[in-house]
Amino acid sequence: MAVGLLIRRRRGLARRSQMDLAHEIGVSPRHLSFVELGKSRPSAGLLLAIARHLDVPLRERNDWLLAAGYAPRYPETSLTEPALARVRRSLQVLLDAHDPFPAAVIDRTWSVQLTNQAARRLVSAIPAEVRGVPTNIFRTALHPAGLAPRTRNFPQWSAYLLWQLDRAVVRSQDAALAALADEVATWPSIPARRNWGRLSAEEGDDPVVPWRLEAGGAELSLITTMSRFGTPMDVTMSELSIELFFPADEATEAALRRHARTGSW
């Protein structure tokens, strides 16, 4: 696809006018219009400036550069490669220190790249063909043979996850993730696909929406935090998120610590 069309599509998704965006990056609206129409070839610097102001992911910035005839700017290094060995070790130390509470590092498709023992204990009884290979958070949490039947507040918790999945599909434009969304839409108790972008988990009086999960005869109440690297210059690093679950009450903390000692649910 021509780079001008890529820019126009992303600007439309961001709901930004040509005039506002042009003034923000310091070019004339006429010049930006010519770029989008393919009448003017943008410099690599202008492409990256537009991408930054539209919050375009690094992977897509590389696509823009290639479409305009430039070399990709951002490398994509596997988390298993030696260049990221220190990063991988640091992430694993963080996850292990969070035990006995669940924690994982996930990629842009919410597939698990690293995890700790507590998280592995929670999903140990779910077959690999349900979780996916690697384990995928959306599949594990929403599949009828996964954690969905054990989630006591499934309508509320699934609304949060489905909104996130819809957002990830729009943001990444990833065909595999879109296919996963189409599959999830066929599962029981899942709202119509067209409504996901309007779902909200903001019901009840909790200060943070909890995940209420039955495990080992007890009901766990967990809250989640998500964090990312602040200054990534590698595609892989820019797409990683760290998810840490914390107990929302004393009973949940006691149950997690107890089952950490026994090793199973």
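## Thr80 and its loop

The side chains of Thr80 and Ser78 make a polar contact at 2.8 Å. That comes from a predicted model, so keep this in mind for everything below. Thr80 sits in the loop that links helix H5 (58-67) to helix H6 (85-98).

Is Thr80 buried or exposed? With a relative accessible area of 61%, Thr80 is exposed, because the cut-off for that label is over 50%.

## Helix H11

Which residues of helix H11 (residues 175-184) are buried? They are Leu177, Leu180, Ala181 and Val184. These four cover an arc of only 100° around the axis, which puts them on the same side of H11. The general rule behind this kind of pattern is that an α-helix has 3.6 residues a turn, so residues three or four places apart point the same way.

Helix H9 (137-142) and helix H10 (154-172) are included in what covers those buried residues. Turn to the face of H11 that looks away from the buried side and you find the exposed residues Ala175 and Ala176. Ala176 also shows up at the start of H11, where its backbone nitrogen has a side-chain oxygen of Asp174 within 3.1 Å.

## Thr140 in H9

Helix H9, part of the cover over H11's buried residues, is also where Thr140 is found. Thr140 has 5% relative accessibility, so it counts as buried.

What is Thr140 in contact with, leaving aside its neighbours within four places in sequence? The list runs Val123, Ile126, Arg131, Thr135, Gly146, Leu147 and Ala148.

## The five-stranded sheet

Now for the strands. Five of them form an open sheet in the order E2-E1-E5-E4-E3, and the pairing is antiparallel. Strand E2 (112-115) and strand E3 (211-215) are the edge strands; each has a single partner, so one side of each has no neighbour in the sheet. On average, neighbouring strands of this sheet are turned by 30° against each other, direction ignored.

Further in, strand E1 (residues 103-106) pairs with strand E5 (residues 241-247) in the antiparallel sense, over four bridges. Val105 stands opposite Ile242 in E5. Helix H13 (residues 250-262) lies across E5 and strand E4 (218-227), running at about 90° to E4.

Methods
Residues numbered from 1 in each chain as written. Predicted model: local features only at pLDDT ≥ 70, side-chain atom pairs only at ≥ 80, totals over all residues. Heavy atoms only, no water. Helix = DSSP H or I, 4+ residues; strand = E, 2+ residues; numbered from the N terminus. Buried < 20%, exposed > 50% of the residue type's maximum accessible area, 1.4 Å probe, protein only. Polar contact = N/O pair within 3.5 Å; in protein donor to acceptor, adjacent residues only side chain to side chain. Arc of directions from axis to C-beta. Contact = heavy atoms within 4.5 Å. Pairing = 2+ DSSP bridges. Axes fitted to C-alpha atoms, helices over the stretch in contact; angles between N-to-C directions.
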